[in-house]
Amino acid sequence: MSAAGTRTAGRQAGLHMLSGQIPLLALIVLIAVSALVSDRFLSLQNISNVLIQTSIMAVVVIGMTLVIVGGGFDLSVGSVVALSGCIAAYVVRDVDTTLGIVVGTLIGTAVGVVNGLIVTKLRVNPFIATLGTMVLVRGAVLLITDGRPVYDLPEGFTAIGGGNLFGVHYLIWILALLFVIFHWILHRTPYGVRVFASGGNREAAFLSGIDVDRVTISTFVWCGTLAGIAGVLLAARLESGNPTTGEFYELTAIAAVVLGGASLYGGEGKLYKSMVGVLIMVVLGNSLNIMGVPSYWQRVAIGVVIVAAAAADRFRRRG
Amino acid sequence: MTAPAGGPANGRTGALVRRANYNKKPVGALGGATASGAGEAVTGRESLLAAEQVFKHFAGTQALAGVSVDCLGGEVHALIGENGAGKSTLIKIMGGVHRADRGAIRVAGVPHVFAGPADALAAGIVTIPQEMRIVPALSVAENVLLGHVPMRRRAGILPDVDRVALRTRAAEILQDLNFHIDVDRPAGTLTYAERQLVMIARALSRRARVLILDEPTAALEAREVARLFDVIAQLKARGVAIVFISHRLDEVVELADRCTVLRDGQVVDRCLRGEFDTERLIRSMTGRDLEELRRAHDAEFGAPVVEVPSLHGAASSDVASAIRVRAREVVGLAGLLGSGTTQLLRRLFGADAPALRVTVNGAPAAPASPAEAIGLGIGLVPGERAHGLVMAMSVRDNIALTLLDRNKRAWRLDGAMIDGLVAELMETLDIRPRDPQKPVSTLSGGNQQKVIFAKWLAREVGVLLLDEPTHGIDIGAKTLIHRLMHDFAARGGAILFSSSETLEVVSISDSVLAMKKGEVVARMDRSGDYSEKRLREALGG
């Protein structure tokens with residue numbers, strides 16, 4: 001290859017890398033514009049607020065990224081957030097804080113197992129399967145709580161949603177920890193390669209000796225578990241278990257993953273990019289708020305951003 | 001590749017001419033026109049479809065380099081050549097799917113430019129592909145008349161399907177073809193051969209003047225082939241021009257009035273009925289005599305690596321269907337589409353149920369999943385390249401797929417082990433570019449094939465199963481795969497592969513098993529009567 005050829009190839013590779021970072025660039029531009037428009041945006045108070053707001057959704061997004069990279073789809077996470085939060089609240093209030101946290105998380109795990117089994121063993125399309133469990137779980141939490149929030153949670157529990165360590169909010173520590181763990185799992189372990197392979201090409205993964213069904217189930221289990229954790233965290237933050245929380249979490253989470261450049265067909269995605277995706281959603285909402293844009297218009301704006309991001313991604317892939 | 005200067009202008013005139021000329025000569029149309037069509041065919045065979053000096057370039061390969069063919073009404077024109085010779089490209093250009101870079105297509109002597117398949121159809125050129133495009137939920141009658149279902153108006157206003165006309169018209173067309181079938185049956189219940197006849201009937205209902213048949217007999221039984229040939233003879237008598245693509249040379253000799261042989265995108269031989277026989281065609285197709293192609297018979301085989309006592313899972317050894325592959329041996333499974341070779345390989349690999357009882361290196365086993373088969377040292381190269389690779393993943397990760405359970409620690413990919421092996425294999429197999437992080441989707445087809453091989457070499461499997469490894473690939477890639485297979489055997493590996501091309505099987509195997517309907521019907525090896533002719537007879541082609 002000639003020197004010129006190498007240079008062109010290098011430039012192409014650079015361009016390719018750059019086009020892969022469009023979400024990050026978009027986030028930076030968004031932050032810059034927001035900072036210019038409003039002094040309040042870059043205040044410590046507001047940054048902290050944005051991160052705290054992001055953290056619980058981001059925990060859900062981690063799980064959603066795993067499922068989507070593995071070729072699946074999970075609509076039930078929002079309902080799981082509500083169910084886990086309420087069950088955790090009951091147990092925390094009536095029995096024990098630690099037990100409540102564990103039970104709340106395991107509720108999510110259980111829903112994940114069910115989702116995974118329906119998708120793999122009954123061969124139901126993940127969209128339909130989790131649409132079913134989404135409605136079912138929401139019904140269950142409304143039945144259990146009779147539609148009423150669960151109050152009177154002990155200080156020891158609600159501190160998770162309010163306290164801080166070295167000046168950084170607990171929720172942010174928890175998110176950071178989960179992010180590091182799952183980034184490692186998805187991008188540094190043999191299991192992670194199996195997830196990418198199963199999502200990228202089921203048949204090829206199967207013919208390479210990968211137990212594709214098991215991998216698929218495991219991604220749903222992770223996703224359910226993380227939604228369970230998010231539910232517990234939200235209950236601590238709201239100082240109550242609320243059966244109507246978590247609505248639209250599934251759609252926000254999926255939008256964040258797509259904004260981060262993961263393929264909805266599976267096999268492509270990066271965890272940190274999904275985090276960028278969720279930050280874009282939250283920062284956009286936050287800066288529109290600060291600018292005083294009415295909330296109905298905020299929805300329209302976010303919708304436009306999602307469609308534009310998806311279209312831009314298709315365009316990039318076509319090259 | 002840039003279009004020639006006159007291209008766009010030609011395109012415009014072509015379109016105008018087409019519109020003016022369209023539907024003027026319904027040669028081969030049904031009913032009243034049939035007699036005159038047949039008459040015309042007998043008196044003077046006119047050129048219904050001609051390609052003139054057609055060039056076509058695809059990314060990296062010159063698929064066609066100045067090919068001219070002429071299809072006359074009332075004639076069967078066989079188009080033959082090895083995979084990758086350019087047959088498919090040529091018929092796709094004639095059928096309007098691709099556009100030639102250069103050269104002209106003439107329909108009944110008039111230059112045409114097809115913007116798409118619809119234009120070719122409108123000009124009376126119908127291609128019957130290998131995959132039957134029927135709508136399973138619709139009836140036979142609806143499928144025959146698909147796209148121009150007879151309509152009537154209910155109460156003078158509401159448009160509605162005219163069921164009576166639909167059934168009678170479809171029945172007429174099918175009767176003409178001597179194909180007696182209930183027109184109300186859902187087409188989904190038809191056999192492959194029946195679907196094919198429905199497709200031909202549909203072509204006739206559209207007044208096809210040129211019928212292009214792409215390997216029509218590949219999946220047919222002898223009886224069905226005979227029926228198809230009857231139909232072709234009828235169409236010929238009606239003056240339809242028939243383009244016939246087949247790998248079965250004896251069929252070509254039996255059926256064709258004219259034969260054009262393609263090799264590497266060029267016409268290397270043209271001959272008329274009586275001038276050609278199987279030997280001449282093979283020589284033209286390959287550019288060599290059959291003998292030269294053969295695998296050198298000097299390998300000394302080792303101990304049996306894989307043995308399948310019986311294909312039916314019965315405990316008793318079924319000598320007739322027993323399969324045995326020894327170290328350094330290449331065993332070919334010859335069978336037509338649907339003969340069960342693919343299923344056999346997949347069951348052997350644990351990919352399909354029920355599991356096969358096998359003996360691997362002397363120890364009995366019954367792999368129930370690919371993971372178990374891989375554990376026994378068996379690898380599978382699937383028929384479609386897309387099933388062997390995860391396209392979005394890098395070369396390295398694809399190769400690593402078979403090594404994941406070799407990782408010492410579950411929580412960490414053993415990067416050093418994988419990178420070392422990957423670098424070594426990329427060197428040995430000459431995978432280009434030499435960049436393990438490149439997504440395999442960006443590699444050329446040949447290099448992708450090498451990555452699939454690298455997966456199994458990395459795993460050091462003792463047995464490689466290959467399902468139609470050279471189906472639908474160009475000649476260069478084909479040679480490469482043959483070389484990779486022979487190298488694998490030379491290193492002490494055992495190879496079992498399937499192919500529907502008898503010539504290929506005979507050329508590159510040490511021994512051959514012929515399969516039909518899931519059974520091994522014949523076996524031969526180089527110590528005995530070993531020839532393509534014998535294999536063909538065994539397959540009853």
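Predicted model: local features only at pLDDT ≥ 70, side-chain atom pairs only at ≥ 80, totals over all residues.
Strand β1 of chain B, residues 47–58, runs antiparallel to strand β4 of chain B, residues 102–107, and five bridges join the two. Both strands belong to an open sheet of four strands in chain B, with the order β2-β1-β4-β5 and antiparallel pairing. At the edges lie β2 and β5 of chain B, each of which pairs on one side only. From one strand to the next, the twist averages 25°.

| Strand (chain B) | Residues |
|---|---|
| β1 | 47–58 |
| β2 | 61–72 |
| β4 | 102–107 |
| β5 | 110–112 |

A helix joins the picture too: α3 of chain B, residues 87–94, packs on the sheet and touches β1, β2 and β4 of chain B. The direction of α3(B) makes about 120° with that of β1(B).

**Where chain A meets chain B**

Now to the contact between the chains, which takes 21 residues from chain A and 24 residues from chain B. On the side of chain A that touches chain B, α9 (190–200) and α10 (202–207) of chain A each supply at least two residues. The largest share of that side comes from α9(A), with seven residues.

Note on methods:
Residues numbered from 1 in each chain as written. Chains lettered and ligands numbered in written order. Contact = placed C-beta atoms within 7 Å. Pairing = 2+ DSSP bridges. Axes fitted to C-alpha atoms, helices over the stretch in contact; angles between N-to-C directions.
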